[in-house]
Amino acid sequence: MTEMEKTFRQKIIAYFTGAAKKNKLLKFPCLAGMMVSLAFYYLGLHFTSNGKRYASMFFVAVFFMSSCSFSFAVFAERTGFTGAQETYSAIVETSDISLAVVEPVNPVVEEILEEEGNVIPSEHNEEAETYTLDDLLEHHKHDPETDVNREHTEKESGTGEELSFDNTDWRLVLINKQHPIPDDYDFKLGTFTSGMRCDERVIEDLLLMMQAAKTDGLNLVVRSPYRTSDHQEDNFNDRIKSYMRQGLSYMEAYKATSRVITVPGCSEHEVGLALDITSDTFIPLLQGFADTEEGQWLEEHSYEYGFILRYPSGKEYITGIEYEPWHFRYVGREAAAIMKAEELCLEEFWDKYL
């Protein structure tokens, strides 16, 4: 203890002791006041002497929050920090959408991501199960009248009447880095096999799409449909570790991962609306799938069955996810037709129609 500390401590004790001697009724209030004063003094002394340490901790926390393209939104959503969420939403709504999502990363990260588009499958390993149309039909009772009913519905929808959309429609729920899965979102899984599950409301259109492709001589294969939050978390953490083994820091690996895998709680796979689709001759989830006949067929015809290419090329700055020609999301036929005609991703559709 320094001489100055001793002097200050003695002054506080002397002040309150003197006040208590003058008036015995103030004995206990003076004792309490002395303890509080000394506590604040030593607390201030502690922060002063350890200022650099606390400042470093503060800046690390701020850097982490600002460096993650989605961490602030998820934090606010899950902790109920509504003031922060409203502030964040206001910033996003008043900003140009093209500035909202993807942050620049260093050239090493860019090189790794570019290489992955041609070599390394995104999100999944090569041992993941695949499901052909025959596999699905074997476990699903398909109504042959469905094709006729669907065709009739399509003809009726083409009356030229202006369509309106509801932002509470389950088919149009917006799930991304800034919009985690709503707490009250409810859905029922339809199960083909122990591994192949998705929202039961998309099954008929999925089968019709795969049947149409088969009629055209193409065999589509479904990989990784519904995925649990635990599975999503494992994928995310495994990819971070993979990037760190390639020489990236944790923060660089975290940011790079967020561009190819969505954080748990923010993935459309977790609500059974997203499907990874390739072909029986091109199984891996690679950007090269876009050059196959099946990839081109899906890009051209998937909207006819209510599916959209969720992460298209050229929209990375909006979706925040690298181009994934295998990732299809169900939005319903009417919305899918508009997105196809106007070349909109789901975020742009929401901005324009909802």
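Start at Val 36, which counts as partly exposed because its relative accessibility is 43%. Val 36 sits in helix α2. This is a predicted model, so please keep that in mind throughout. Val 36 belongs to a nonpolar surface patch together with Phe 40, Leu 43, Phe 47, Tyr 54 and Met 57, and the accessible area of the group comes to about 610 Å². Two elements, α2 (27-49) and α3 (51-67), each give two or more residues to that patch. The largest share comes from α2, with 4 residues.

Asp 234 is partly exposed, because its relative accessibility is 44%.

Now the chain as a whole. The protein chain has 15 helices and 7 strands. Of its 354 residues, 44% are buried. The accessible surface is about 19,500 Å², and carbon and sulfur atoms account for 55% of it. If you take contacts between residues at least 6 apart in sequence, 73% of them join residues at least 24 apart.

Ser 164 is in the loop between α8 (146-157) and β2 (189-191). Its relative accessibility is 69%, so Ser 164 counts as exposed.

Next, the salt bridges. How many salt bridges are there by the count used here? The count is 12. One of them joins the side chains of Arg 171 and Glu 334, at 3.8 Å from N to O. Arg 171 is in the loop between α8 and β2, while Glu 334 is in helix α14 (residues 333-342), so this pair ties together parts 163 residues apart in sequence. Arg 171 is partly exposed at 26% relative accessible area, and Glu 334 is partly exposed at 25%.

Glu 322 and Arg 259 form another salt bridge, at 2.7 Å from N to O. Here the link runs from the loop between α13 (316-319) and β7 (324-330), where Glu 322 lies, to the loop between α11 and β5, where Arg 259 lies, 63 residues apart. Are these two residues buried or exposed? Glu 322 is buried, with a relative accessible area of 18%, and Arg 259 is buried at 9%.

A further salt bridge pairs Glu 342 with Lys 352, whose closest N and O atoms are 2.7 Å apart. Glu 342 lies in helix α14 and Lys 352 in helix α15 (residues 346-353), so the pair ties together parts 10 residues apart in sequence. Glu 342 is partly exposed at 32%, whereas Lys 352 is exposed at 51%. There is also a network of salt bridges that links Glu 268, Arg 310, Arg 329 and Glu 347.

Last, the region around α11. Helix α11 is largely enclosed by the rest of the structure, because 6 of its 8 residues are buried. Among these buried residues are Met 251, Tyr 254 and Lys 255. Thr 262 lies in the loop between α11 (250-257) and β5 (274-279). Thr 262 is buried, at 6% relative accessible area. Leaving aside residues up to four places away in sequence, Thr 262 touches Gln 232, Phe 236, Ser 267, Tyr 311 and Ile 321.

Conventions
Residues numbered from 1 in each chain as written. Predicted model: local features only at pLDDT ≥ 70, side-chain atom pairs only at ≥ 80, totals over all residues. Heavy atoms only, no water. Buried < 20%, exposed > 50% of the residue type's maximum accessible area, 1.4 Å probe, protein only. Contact = heavy atoms within 4.5 Å. Areas by Shrake-Rupley, 256 points an atom, 1.4 Å probe, with all protein chains shown as cover. Patch = residues over 30% accessible without salt bridge, like charges linked within 9 Å, V, L, I, M, F, W, Y side chains within 5 Å. Salt bridge = Lys/Arg side-chain N within 4 Å of Asp/Glu carboxyl O.
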